Amino acid sequence: MTLGPEDAEARRAVPPVICYPTDTLPVPDMARYQSARATAEKLSEVVVPPREAACFRVEAGQFFRITSIEGPQVGDLNLWNAADLSERFYSGKTRALHGTHVGNEDRLWSSFPHLRAMATIVADTLDWYGIDAFGGSVHDVIGTRCDPYTGHLLAGVQYHHCCHSNLTRALADELGVPLSEAEGHVHNVLNVFMCTGFTRDTGQYFMKASPVRPGDHLEFFAEIDLLGALSACPGGDCASGHTSDAATCHPLLVEVFRPAPDALGDWRSPARSRYDGSHGR
């Protein structure tokens, strides 16, 4: 280890500064959303089988709910603008704005050059969990998704039901395109129900058994027209591992709800970023 300067302790003691203060972010109108949700009727549902993924579509102004229905199970969620797949969920910017884990009233933000709210979390039955003694919490935007490339790198395996592959197959089927084309659209996920954090001593990403129980759900308000894909992770509750068939896995349920006409009043989808795009030129 390199010998530090004489004022090393003072340097370490400098207090942190929040990179992106959110005081000026548009505040979601939760009262409006909750009022509209109370009038909503169920339109459709998709059951995501264990170690598989499925796609679903939600129009702007509708709600979608992800529920654990049989046993503890985590899911990996991708979202796209239904009309333009180049606009997709940006986990890194969502993390920078809201923190490593998301919950009620947080928003899922889209990629550059769009940078707008894609969905707002309106209900979370795991909000009681908070942050545990290990620094773990649920619904993370730090993990990238389990994938066959890392599995092969670390263990030399050829495993095809990682979340990355599951999402790729589901999107290819939804769009009717080759796997190679679909894979380019798969991106870093929201890890729904997954309990994760970073170790204090080594800074490594960790996972632990999810506290999710049958009936627990995470619900969103769709701010724009969405195409979604959800993978029921091969890690099950992610208590010990993934990238294999060793864990007990369960299905997940996605339901879509439509509010009554005019229940949202004068609500409108958020506009894309108004940055002029000149980049100094």
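**Cysteines, pocket and backbone**

A: By the distance rule used here (a disulfide is a pair of cysteine sulfur atoms within 2.5 Å), the count of disulfides comes to 0. This is a predicted model, in which local features need pLDDT of at least 70, side-chain atom pairs count only at pLDDT 80 or more, and totals for chains, interfaces and linings use all residues. Residues are numbered from 1 along each chain as its sequence is written, and side-chain values use heavy atoms, with hydrogens and water left out.

Q: Buried or exposed, what is Cys146?
A: Cys146 is buried, with a relative accessible area of 9%, and Cys163 counts as buried too, at 0%. Buried here means under 20% relative accessible area, exposed means over 50%, and partly exposed lies in between, with a 1.4 Å probe and protein chains only.

Q: How far can I trust the model, in terms of mean pLDDT?
A: The mean pLDDT of the protein chain (the predictor's confidence in each residue, from 0 to 100) is 97, and 100% of the residues reach 70 or more. Confidence is lowest in helix α1, residues 8–12, at a mean of 93, and highest in strand β12, residues 226–232, at 99. Helices (H or I, at least four residues) and strands (E, at least two) are DSSP runs, numbered from the N terminus.

Q: Switching to pockets, which residues lie nearest the centre of the largest pocket?
A: Arg145, Cys146, Tyr205, His242 and Thr243 do, out of 21 residues that line the largest pocket. The space in that pocket is about 390 Å³. A pocket is an open set of points on a 1 Å grid over the protein atoms alone, where a 1.4 Å probe fits, with protein on both sides within 12 Å along at least five of seven lines, and lining residues have an atom within 4 Å of a point.

Q: And which element gives the largest share of that lining?
A: The largest share, 4 residues, comes from α4.

Q: What about His217, what is it in contact with?
A: Leaving aside neighbours within four places in sequence, His217 is in contact (heavy atoms within 4.5 Å) with Arg65, Ile66, Thr67, Ala123, Asp124, Thr125 and Phe193. His217 is in strand β11, residues 217–222, and is buried, with a relative accessible area of 14%. A polar atom of the His217 side chain lies 3.4 Å from the backbone oxygen of Gly215.

Q: On the backbone, where is the cis peptide bond?
A: A cis peptide bond joins Phe112 and Pro113, with omega about 5°, and Pro113 sits in the loop between β6 (107–109) and β7 (117–124). Leu115 lies in the loop between β6 and β7 as well, and its phi is near 40°, a positive value in a residue other than glycine. Most residues other than glycine have a negative phi, and most peptide bonds are trans.

Q: What is phi of Cys238?
A: Phi of Cys238 is near 60°, again a positive value in a residue other than glycine. Cys238 is found in the loop between β12 and β13 (252–258) and counts as buried, at 0% relative accessibility, whereas Leu115 counts as partly exposed, at 30%.

Terms used
Polar contact = N/O pair within 3.5 Å; in protein donor to acceptor, adjacent residues only side chain to side chain. Points joined across faces, edges and corners; volume = space filled by probe spheres on them.
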